[in-house]
Amino acid sequence: MLDILQNFQNITIQQVIMWAIGGILIFLAIKKDMEPALLLPIGFGAILVNLPMSGAIDQVINGNTEHGVIDLLFNAGIANELFPLLLFIGIGAMIDFEPLLTNPKLMFFGVFAQFGIFFTLSIAALLGFDLKDAASIAIIGAADGPTSIFVANYFNSNYIGAIIVAAYSYMAMVPIIQPPVIKLITTKKERRIRMEYKQNSVSKATKILFPIVVTVAAGIVAPRSVALVGFLMFGNLIRECGVLNMLSQTAQKELANLITILLGITVAAKMRADLFLTPETLMILALGLFAFVFDTVGGVVFAKIINLFTKKKVNPMIGAAGISAFPMSARVVHKMGLAEDSQNFLLMHAVGANVAGQIASVIAGGLIIAFIG
């Protein structure tokens, strides 16, 4: 009884705030269906690690203080980048690159939609963040949770908890964030531009060679990105080779689901009140949103520039799909096109730009590690 009373006395207002934050994440996951597979375990983990004398963080065994299960999982799965990389195998197995291979020019939209990352890196550094922390914060703009975890952990960022929460929260909020940004920088006439989609058959050999060639190219251009790109492309190779259907399904379902569960709750190791409730956390949330918005702007502006020099116009909204949030961003662009013109079908173009963004965001993460690390 005395131990229970002491636990109540040890509860701090900061811990209660973290319980509330965890509760909000769980609410958003369940009620609003916002990335429930990640926000729910992250929210529950935030509560778990902020209980007084939480055995999930450390525990006393035979008079010795030892790591709790959350810390053990963090050291085993995130500190060495294992979980993000394994998750990339599952993501790669889910992605069909055919829309991109049908129209390779869409790769440029993925490249220019990473503008916000490098812009935000400069802003964060000017605001006083250490360069490695600034790089970790900027990668939130990739709209790619595993890449954010990989980069932030590589740089041993002090703000990894806030960075991961921001990254996955903004991914979930793509349908809320992107439409007003797109409408602000495009005209109704531009949003009504129709784009013809020609279904060109892509050979099986091309689909098999693509992940291999991308991995080799990334390894030469940005060697530090080869683990990220390689695992993503390995997952895609399993999908496209045609002889590993069972493994492809396992990667897409069992592997991806298991790693997602472990990743979500393990992230909570860096969501303890003393690490999370700082003025810097609010700045990170703001900078992450800034990076996300300017990634969208970068893709749209690039499309508008192309239209200045070509007769066959591109719908600028396609550029917004160049971020890595797959397939949410492609769906947003498609729905916006239909809202402007019920016969304006942009889905396949948007999907092509979206999968290009998946590749570009991973390479961007590798480039940042190469330049700063």
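Is E81 buried or exposed in this structure? The model is a predicted one, in which local features need pLDDT of at least 70 and side-chain atom pairs count only at pLDDT 80 or more, while totals for chains, interfaces and linings use all residues. Residues are numbered from 1 along each chain as its sequence is written, and side-chain values use heavy atoms, with hydrogens and water left out. E81 is buried, with a relative accessible area of 14%. The term buried stands for under 20% relative accessible area, exposed for over 50%, and partly exposed for values in between, with a 1.4 Å probe and protein chains only.

The protein chain contains 21 helices and 2 strands. Its radius of gyration is 21 Å, close to the 21 Å that the globule rule gives for 373 residues, so the chain is as compact as a globular protein of that length. The radius is taken over C-alpha atoms, and the globule rule is 2.2 Å times the number of residues to the power 0.38. Helices (H or I, at least four residues) and strands (E, at least two) are DSSP runs, numbered from the N terminus. The C-alpha trace of the protein chain spans about 80 × 45 × 40 Å along its principal axes. Of the 373 residues in the chain, 52% are buried.

Helix α4 covers residues 69-78, and its buried residues are I70, D71, F74, G77 and I78. Seen down the axis of α4, these buried residues fall within an arc of 155°, so they line one face of the helix. The arc is that of the directions from the helix axis to the C-beta atoms.

E81 is placed in the loop between α4 and α5. Its phi is positive, at about 65°, although E81 is not a glycine. A positive phi of about 50° is also found at N156, again not a glycine. N156 lies in the loop between α10 and α11. With a relative accessible area of 64%, N156 is exposed.

Two further buried residues are found within helices. Q15 belongs to helix α2 (residues 13-31) and counts as buried at 13% relative accessibility. A polar atom of the Q15 side chain lies 3.0 Å from the backbone nitrogen of T12. A polar contact is a pair of N or O atoms within 3.5 Å; within protein, one must be able to donate a hydrogen and the other to accept it, and residues adjacent in sequence count only if both atoms are side-chain atoms. A135 sits in helix α9 (residues 131-138), and its relative accessibility of 0% makes it buried. The C-alpha atoms of A135 and C241 are separated by 36 Å, and the two residues are 106 residues apart along the chain.

Pockets and cavities were also computed. On a 1 Å grid over the protein atoms alone, a cavity is a set of points where a 1.4 Å probe fits but cannot get out, and a pocket is an open set with protein on both sides within 12 Å along at least five of seven lines; lining residues have an atom within 4 Å of a point. The largest pocket has a volume of about 860 Å³. It is lined by 32 residues, of which E35, M171, F326, P327 and M328 are the closest to its centre. Helices that each supply at least two residues of this lining include α3 (36-48), α5 (82-94) and α20 (328-340). By class, the lining of the largest pocket has 20 nonpolar, 6 polar and 6 charged residues.

The second largest pocket holds about 520 Å³ of space. Among its 19 lining residues, N103, K105, M195, K312 and V314 lie nearest its centre. At least two residues of the lining come from each of α7 (107-112) and α18 (279-307).

The count of cavities of 30 Å³ or more comes to 1. The largest cavity holds about 30 Å³ of space, and its lining consists of D96, F97, E98, L101, K207, F210, P211, N236 and E240. Two or more of these residues come from each of α6 (98-102), α14 (204-221) and α15 (226-240). The largest share, 3 residues, is given by α14.

Technical notes. Points joined across faces, edges and corners; volume = space filled by probe spheres on them. Nonpolar A, V, L, I, M, F, W, Y, C, P; charged D, E, K, R; others polar.
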